[in-house]
Amino acid sequence: MKRAIKRGIAVFMTAVVLVCAFPMTSYADNDKISNLESQIEQKKKEKEETEQNINETQNELNGLQETTEGLKGKLNNLNSDLTTVSNNLADLEEKIAVKNEEIETTQEELDEARCVEADQYAAMKKRIQFMYEKRDYVMMEMLFGAANFSDLLNRNDYIEQLSEYDRNQLEMFKATRQEIEEKEAQLEAEKKELDELKVSVEAEQSRVAGMISQTSGQITSYQHEISAAEAEMLEYEKKLQEQKNSIAALQKELEEERRLSQLAARSAWRDISEISFADGDRYLLANLIYCEAGNQPFEGQVAVGAVVMNRVMSSVFPDTVVGVIYQNKQFSPVASGRLALALAEDHATAACYQAADAAMSGQTTVGNCLFFRTPIEGLTGIQIGGHIFY
């Protein structure tokens, strides 16, 4: 009979289960509100610092990008200069090659002129030598061989003309040789100038190539700095988003704390003696204690029962044990179905029943706390076992 009554109560309790029940978060006193406000203020300062870091990094990044673009423009100009210098060098090399050919041709002409001059000089020398050695014979031949005096004069004129011809030819060959030598000297001087200019252009080519290499290295270095700055920017942006999310979460928690604080301020409290318990309240409370704190110390089990009774006594919550436990989104075992299962099979231990009796008699280990949950950062209250009561 007794077991049948329990099953009936379990069925009744299961029938009144409401959907999506979870513990309420954050009932705050003034200390907690102040603590949350301080956390928000600190987070805002950290956010401002991160935003300042982002602005500084962005400015640095803009400067690096601007410098890199400037270096790229400089590199383009240097490449253009190198092309011009290289073309000038190729033109000089071509001119030097032509000048060498001209010098070679001139040297050949000079050698030929020297040979002709030498031959002419040798021929003239032989004729002079012959005339000197055979002058008596020549004179006699001219004297006796001449048909008349006029013929003699003609022969004498011939000899003089021949001598004059030899002298003229020799002078002409000398002049030609001198002209060629002067031309050769001029070509050599021009080639020397071209060689010196080539050395200068090669030095300029080397200088520009060095500047290109240096500028390319600078661009690579700045590009590495840009990559590092971009990576730093991404980290700052990620950090900023996390800070914004944290501030939003704290703001939400603060708003809930203020709401609950106002709710508590409007709350009126009954005495435990004013509460009328219905059949099955003890059974229901003991199984809720089992679901919420079955693995907690006895003090923590009493604390869970005291939270339920504090709500029953508060004017802002339902005024019955059933109403408090099945209020929407208050106790997670209700929504998950664990409480229904526990009620169906009476999972509550003797300690859970003892804790329910203590709470229903007005005992409390957490004062007037109306909420509890697993500990989270920034949540203050009374910690017993694995729960914070507040």
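1. Where is the place of Asp-346? Asp-346 sits in the loop between helix 9 and helix 10, where helices (H or I, at least four residues) and strands (E, at least two) are DSSP runs, numbered from the N terminus. The model is a predicted one, in which local features need pLDDT of at least 70 and side-chain atom pairs count only at pLDDT 80 or more, while totals for chains, interfaces and linings use all residues. Residues are numbered from 1 along each chain as its sequence is written, and side-chain values use heavy atoms, with hydrogens and water left out.

2. Most residues other than glycine have a negative phi. Lys-329, in the loop between helix 7 (321-325) and helix 8 (332-336), likewise is not a glycine and has a positive phi, of about 60°. Lys-329 counts as partly exposed, at 44% relative accessibility.

3. As to the overall make-up, the protein chain comes to 10 helices and three strands, and from the N terminus on its elements run α-α-α-α-α-α-α-α-α-α-β-β-β. Of its 390 residues, 33% count as buried. The accessible surface is about 23000 Å², of which 51% belongs to carbon and sulfur atoms, with accessible areas taken from the Shrake-Rupley method with a 1.4 Å probe and, for residues, only the protein chains shown counting as cover. Among contacts in the protein chain with a separation of 6 or more, 80% are accounted for by residues 24 or more positions apart, contact meaning heavy atoms within 4.5 Å.

4. Helix 2 (residues 30-133) contains Thr-57, which is buried, with a relative accessible area of 4%. Leaving aside neighbours within four places in sequence, Thr-57 is in contact with Ala-229, Glu-232, Met-233 and Tyr-236. Thr-215, found in helix 4 (residues 149-265), is buried as well, with a relative accessible area of 1%. Not counting residues up to four places away in sequence, Thr-215 touches Leu-71, Lys-74, Leu-75 and Leu-78.

5. The axes of helix 5 (residues 281-293) and helix 10 (residues 350-360) come within 8 Å and cross at roughly 120°, where axes are lines fitted to C-alpha atoms, for helices over the stretch in contact, and angles run from 0 to 180 degrees between N-to-C directions. Helix 5 and helix 10 are therefore oblique to each other, given that angles under 35 degrees count as roughly parallel, over 145 as roughly antiparallel, 65 to 115 as roughly perpendicular and the rest as oblique. Helix 5 passes helix 10 in a right-handed crossing; a crossing is right-handed if the near helix is turned clockwise from the far one by less than a right angle, and left-handed if anticlockwise.

6. In that contact, the residues of helix 5 include Leu-285, Ala-286 and Ile-289, and those of helix 10 include Tyr-353, Ala-356 and Met-360. The residues of the contact of helix 5 with helix 10 divide into 11 nonpolar, one polar and three charged, with Ala, Val, Leu, Ile, Met, Phe, Trp, Tyr, Cys and Pro counting as nonpolar, Asp, Glu, Lys and Arg as charged, and the others, Gly among them, as polar.

7. Helix 5 also meets helix 9 (residues 338-345), their axes coming within 9 Å and crossing at roughly 125°, which makes helix 5 oblique to helix 9. This crossing of helix 5 past helix 9 is right-handed. Tyr-283, Leu-284, Asn-287, Leu-288, Tyr-290 and Cys-291 in helix 5 meet Arg-338, Leu-339, Ala-342 and Leu-343 in helix 9, and by class this contact has eight nonpolar, one polar and one charged residues.

8. Within helix 10, Cys-352, Tyr-353, Ala-355, Ala-356, Ala-358, Ala-359 and Met-360 are buried, and the buried residues of helix 10 pack against helix 5 and helix 6 (298-313). Gln-354, which also lies in helix 10, counts as partly exposed at 48% relative accessibility. The C-alpha atoms of Gln-354 and Gln-301 are separated by 9.1 Å, although these residues are 53 residues apart along the chain. Helix 10 is followed by Gly-362, whose phi is positive, near 105°.

Key: Buried means under 20% relative accessible area, exposed over 50%, partly exposed in between (1.4 Å probe, protein chains only).
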